[in-house]
Amino acid sequence: MAEDHRVLFVDDESVIRLVTAEALRDQGFLVAEAANSDEALALFQEPDGFDILFTDVKMPGKIDGVELASMIRHMDPEIPILIASGYALNLEDRLGTVSSPVIFIQKPYSLTKLVATVRMLVEKKRGSRKIN
Amino acid sequence: MKLIVLTSLVALAMPLAAVAQTAGSMAMPDSSTEASGSVGMAKLTVQDAHFVKMAAMAGMWEVNDGRIAANQGDSTVKNIGNTMVSDHSKVNAQLASIAKQKGIALPTQVGPRMAAESAKLKGLSGSAFDAYYLKTQLKGHEMAIALFKAEASTGSDPDLKAFATATLPTLQMHLSMIQAAMKAGQAAG
């Protein structure tokens, strides 16, 4: 079960947030939503922390999803990062600046694939913590 | 650098896919075999199950609030309310028919957010009622279009995908009606 798995979900489109966050919650994840990188960074300071960052690339403001991922990676070197975009091309070089584990998911994404990927990443992270 | 790519558009993702093949060490979940979501008795993918649940609840909410609007709105809002009742009743019946064929039990109540919006709407009158109905309809239809588009493009069940695709023009027509009414209201106000 995913009841205690915390997801930080960042997307500037409120309807996408509504549909996707609801699907993740239906599957038992705890989801915090942010409409931009500033909100995401503020949420990331919360004491309980997050098991995964799931962010869109294109967002309003000075910091886009790739830059956000890079900043979050510095704050938590182990957090899995899932990055969504409708434009796969030209992202390869930029994502190379964010150390692993980083996964890219093409928009429009299937909620089935999204939920399975988020579950796999957080369970892998928790599994590696137990081993360590 | 370890980069894994998930994609439904293979052509667009080719360069990244190449990286994933050489550098990836994680086995990626396969959405075609991942079927952990369920509505009622039938086993559906997470995508399909979420779509059925949300579409059913949104459809109930549309008919309910459409009836309220047909009773309490001004002439434009009454007209929109009647259209919503008529169109969404048909859409709900189509979804119910697909669900019955597949042994899927649909939700019988709307979610708490929708219920709260309906309760608030019922308590309003005059221009405040019209403005709130149109505002919630705008958001509701934007969400519904996102939901139906997602199912049309990434759903697994062919009947649900076909239903989503066939319903989208109606939802888009509703959105245009709502936007036109809001614009006319702003111009008049």
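Me: Which residues does B:Leu147 touch, not counting residues up to four places away in sequence?

Reply: B:Leu147 touches A:Val19, B:Phe51, B:Met54 and B:Ala55 under that condition. Contact here requires C-beta atoms, placed from the backbone, to lie within 7 Å. The model is predicted: local features need pLDDT of at least 70, side-chain atom pairs count only at pLDDT 80 or more, and totals for chains, interfaces and linings use all residues. Residues are numbered from 1 along each chain as its sequence is written, while chains are lettered from A and ligands numbered from 1 in the order in which they are written.

Me: What makes a set of residues a nonpolar core, and which residues have the most contacts inside the largest one?

Reply: A nonpolar core is a set of buried Ala, Val, Leu, Ile, Met, Phe, Trp, Tyr and Cys residues joined through C-beta atoms within 7 Å. The largest has 65 residues, and those with the most contacts inside it are A:Val7, A:Leu8, A:Ile52, A:Val118 and B:Leu147. Helix H2 (residues 46–72) of chain B gives the most to this core, with 10 residues. A second, separate core of 10 residues includes B:Ala69, B:Leu121, B:Ile178 and B:Ala181.

Me: Why is B:Met173 called partly exposed?

Reply: A residue is buried if 20 or more other C-beta atoms lie within 10 Å of its own, exposed if 12 or fewer, and partly exposed in between. B:Met173 has 13 such atoms within 10 Å, and is therefore partly exposed. The residue lies in helix H6 (residues 158–188) of chain B. Of the 189 residues of chain B, 36% count as buried.

Me: How many helices and strands does chain B have, and what counts as each?

Reply: Chain B has six helices and three strands. Both are DSSP runs numbered from the N terminus, helices being H or I of at least four residues and strands E of at least two.

Me: Why are H2(B) and H3(B) called roughly antiparallel?

Reply: H2(B) and helix H3 (residues 75–102) of chain B pack at an angle of about 150°, with their axes 8 Å apart. Axes are lines fitted to C-alpha atoms, for helices over the stretch in contact, and angles run from 0 to 180 degrees between N-to-C directions. Angles under 35 degrees count as roughly parallel, over 145 as roughly antiparallel, 65 to 115 as roughly perpendicular and the rest as oblique. H2(B) and H3(B) are therefore roughly antiparallel.

Me: What makes H1(A) oblique to H5(B)?

Reply: Helix H1 (residues 14–26) of chain A and helix H5 (residues 126–154) of chain B pack at an angle of about 60°, with their axes 9 Å apart. That angle makes H1(A) oblique to H5(B). On the H1(A) side the contact is made by A:Val15, A:Ile16, A:Leu18 and A:Val19, and on the H5(B) side by B:Glu142, B:Met143, B:Ala146, B:Leu147 and B:Ala150.

Me: Why are H2(A) and H3(A) described as roughly parallel?

Reply: Helix H2 (residues 37–44) of chain A and helix H3 (residues 65–75) of chain A pack at an angle of about 15°, with their axes 11 Å apart. H2(A) is therefore roughly parallel to H3(A). In this pairing A:Ser37, A:Ala40, A:Leu41 and A:Phe44 of H2(A) meet A:Leu68, A:Met71, A:Ile72 and A:Met75 of H3(A).

How values were computed
Contact = placed C-beta atoms within 7 Å.
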